[in-house]
Amino acid sequence: MPKELLEFEKPLIEIEERIEKLRSYVQIEDPRIHAEIEKLTKRSQYLLERIYLKLTPWQKTQVARHASRPTTLDYIDILIEDFVELHGDRHFADDPSIVGGIGKFGDRSVVVIGHQKGRGTKGKIYRNFGMPNPEGYRKALRLMQLGTKFKRPILTFIDTPGAYPGIGAEERGQAGAIARNLFEMCRLEVPIIVSVIGEGGSGGALALGVGDRIIMLEHSIYSVISPEGCAAILWGDGTRAPEAADTLKMTAQDLKKLGVIDIIVKEPVGGAHRDPKIAAQSLKETISKALKEIESIPGDKLAVMRYEKFSKMGVYKEDH
Amino acid sequence: MAWFKREDRKIKIPEGLWIKCNYCREIIYRKEVEKNSMVCPKCRYHFGISIEERIALMLDEGSFKEQDSNIYPFDPLTFRDSLKYKDRLKNYQKSTGYADAFISGEGTINGKPVILGVFNFKFMGGSMGSVVGEKILRATEASFSSRSPLIIVSASGGARMQEGILSLMQMAKTSAAIARLSEAGVPYISILTDPTFGGVTASFAMLGDIIIAEPKALIGFAGPRVVEQTIKQQLPEGFQRAEFLLEHGMIDMIVERKMLKETLAQVIRFFG
């Protein structure tokens with residue numbers, strides 16, 4: 001299939017193939033060919049738009065996990081000038097599934113941290129499929145504390161299936177590492193802007209997710225458990241993941257309704273991977289605006305507001 | 001020789017008179033275990049106990065006053081699997097007699113006031129949803145304003161799937177509450193019992209000033225089955241048991257149930 005089309009994008013295959021065929025004839029100067037290409041391109045764009053207007057949660061999950069979806073380093077590349085990557089947790093190791101460093105965002109110096117998924121088999125293994133070990137979370141915390149020390153805003157990017165469930169991770173305190181990040185993030189006295197750019201997988205995502213503004217890209221997801229995991233537990237059948245995706249309410253649109261996130265950023269038609277530059281530009285504008293709203297608030301007050309934001313989350317009934 | 005495996009041998013035990021130890025798998029006379037605060041006489045494994053037993057074990061007799069019992073769960077996602085979440089809640093409320101998986105209140109330990117919160121594993125595996133999160137927050141706030149030490153006894157499978165992302169957010173909410181308590185210099189003691197996992201360990205439960213576990217309790221981030229499936233190898237002996245956590249430096253101590261109250265009294269005296 002051309003350009004790694006997803007299952008539900010199949011209606012486009014025929015058109016895209018015809019366009020490609022016609023393109024191979026363009027050396028023949030025939031205005032009819034150009035007209036036909038233009039017509040087909042419009043048709044393809046129209047179809048894509050229609051498909052993406054009503055993606056199901058499971059389809060969104062596939063877009064969020066798309067092999068070509070821009071990763072943290074892709075966004076850093078476009079959004080951050082003079083980026084210097086910093087490594088290691090100073091205790092055990094450097095975890096390549098979380099990247100972080102310092103750089104310029106517009107005219108501000110910022111600390112940037114995000115989950116990193118790899119590309120290609122080797123890259124994916126090197127990045128452990130974006131599933132951090134405890135040292136990844138400890139590196140992230142170290143960098144956040146660096147940002148606080150020098151009073152720099154912190155930008156985090158979330159894109160992980162979840163924290164790695166391995167023996168070493170348990171031995172080195174995966175749970176404690178995540179818990180410590182939650183504990184510290186809610187009291188850091190600098191602005192923290194969180195952007196969910198792909199997959200927000202449970203506690204492993206939240207460990208970079210306690211911020212003043214929570215942004216989600218239009219086709220990203222954020223959930224307490226993966227739809228596959230949920231289906232396996234509920235029905236003993238991982239293939240019922242599409243149903244679980246519906247039930248879990250894990251799309252950006254659902255989370256906005258539930259009041260868990262603040263802002264949804266529109267993606268280019270057909271998903272961020274079709275035009276990473278435009279996706280990054282929209283994200284940049286949203287992050288800038290969010291930063292402008294909060295950067296004049298004194299740090300201690302910001303931490304109190306963040307505490308209040310998270311302490312209000314949850315839905316329950318109360319008798320008086 | 002799959003038929004030869006120990007796990008496959010299902011032993012049917014008549015309800016009531018005898019129980020099988022979750023750890024050493026010995027069949028033991030129930031009365032003997034009950035006399036021993038639900039501790040296996042063979043291997044010292046600590047069975048789960050009811051909220052009432054837990055309170056009786058830890059607090060001065062009659063000192064417990066429940067707080068925030070007026071908070072009830074509902075179904076924000078209209079979640080449905082084989083059963084509607086709403087109906088599942090009703091069933092658990094009926095079988096346990098409690099509104100949700102956590103109760104909290106004030107009491108005393110050797111005369112010293114404390115705020116105590118206890119998970120009820122029998123209520124949906126002690127899973128943490130909005131009600132549990134809110135009650136932990138309020139218990140922490142009660143501890144904050146009274147400056148009485150906070151003690152939370154965990155037994156939980158983690159975040160409650162049926163409340164989706166809202167359950168995940170309880171991890172941030174409870175950790176934020178503990179951070180605030182910590183800044184105020186009020187002691188928080190976390191007690192981990194069998195089993196404690198997922199969103200509970202990855203938030204307030206691993207944030208105690210002092211972390212105590214019961215002998216042989218299973219404690220971890222990912223459940224042992226998930227870890228096994230991920231690495232596709234057999235797990236090492238004793239993996240994720242309290243002793244394993246102590247060895248790896250994750251907890252302060254392992255305390256037998258009958259020594260728990262005395263240990264707490266000692267710790268609180270130190271902070272007082």
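A polar contact here is a pair of N or O atoms within 3.5 Å; within protein, one must be able to donate a hydrogen and the other to accept it. By that rule, 15 residue pairs are in polar contact between chain B and chain A, with both residues at pLDDT 80 or more. The model is predicted. The points below take the chain interface, then the domains of each chain.

1. **Extent of the chain contact.** Chain B brings 59 residues to the contact, and chain A brings 47 residues. The two chains bury about 4,600 Å² between them. Carbon and sulfur atoms give 73% of that area. On the chain B side, the residues that lose the most area to chain A are B:M161, B:I165 and B:F221. Together these three make up 15% of what that side buries.

2. **Polar links across the chains.** Besides the 15 residue pairs in polar contact, two salt bridges are found across the interface of chain B and chain A. A:E318 and B:R138 form a salt bridge, with their closest N and O atoms 2.7 Å apart.

3. **Which parts of chain B touch chain A.** Four elements of chain B give two or more residues each: β4 (71-73), α4 (130-146), α5 (164-183) and α7 (224-231). The largest share comes from α5(B), with 18 residues. By class, this side of chain B has 34 nonpolar, 16 polar and nine charged residues.

4. **Strand pairing between the chains.** Strands from the two chains also pair. Strand β9 of chain A, residues 316-318, runs antiparallel to β4(B). Three bridges join them. A:Y316 is placed opposite B:P73 of β4(B).

5. **Domains of chain A.** Domain 1 of chain A spans 7-54, and domain 2 spans 61-311. Taken over C-alpha atoms, their centres are 35 Å apart. Seven residues of domain 1 of chain A contact eight residues of domain 2 of chain A. The buried area is about 610 Å², and carbon and sulfur atoms give 65% of it. On the domain 1 side of chain A, A:F8, A:L48 and A:Y52 supply 68% of the buried area, more than any other three residues.

6. One salt bridge is found between domain 1 and domain 2 of chain A. A:E9 and A:R274 meet through their side chains in a salt bridge, at 3.1 Å from N to O. On the domain 1 side of chain A, helix α2 (residues 31-53) gives the most, with four residues. That side has four nonpolar, one polar and two charged residues.

7. **Domains of chain B.** Chain B is divided into domain 1 (15-47) and domain 2 (49-271). The C-alpha centres of these domains of chain B are 23 Å apart. Nine residues of domain 1 of chain B and 11 residues of domain 2 of chain B take part in the contact. About 990 Å² is buried between domain 1 and domain 2 of chain B, with 49% of it on carbon and sulfur atoms. B:Y23, B:R44 and B:H46 lose the most area on the domain 1 side of chain B. Together they account for 55% of what that side buries.

8. One salt bridge is found between domain 1 and domain 2 of chain B. B:R44 forms a salt bridge with B:E256, the closest N and O atoms being 2.7 Å apart. B:R44 is also one of the three residues named above for lost area. Seven residue pairs are in polar contact across this interface, both residues at pLDDT 80 or more. The domain 1 side of chain B has six nonpolar, two polar and one charged residue.

9. **The sheet of chain B.** Chain B holds an open sheet of seven strands with mixed pairing, in the order β3-β5-β6-β7-β8-β9-β10. Its edge strands are β3 (65-67) and β10 (253-254), each pairing on one side only. Within the sheet, β8 (residues 188-196) and β9 (residues 210-213) of chain B run parallel and are joined by four bridges. B:I189 stands opposite B:I210 of β9(B).

Definitions and conventions
Residues numbered from 1 in each chain as written. Chains lettered and ligands numbered in written order. Predicted model: local features only at pLDDT ≥ 70, side-chain atom pairs only at ≥ 80, totals over all residues. Heavy atoms only, no water. Contact = heavy atoms within 4.5 Å. Buried area = accessible area lost by both parts, 1.4 Å probe. Salt bridge = Lys/Arg side-chain N within 4 Å of Asp/Glu carboxyl O. Polar contact = N/O pair within 3.5 Å; in protein donor to acceptor, adjacent residues only side chain to side chain. Nonpolar A, V, L, I, M, F, W, Y, C, P; charged D, E, K, R; others polar. Pairing = 2+ DSSP bridges. Domains from an automatic or database assignment.
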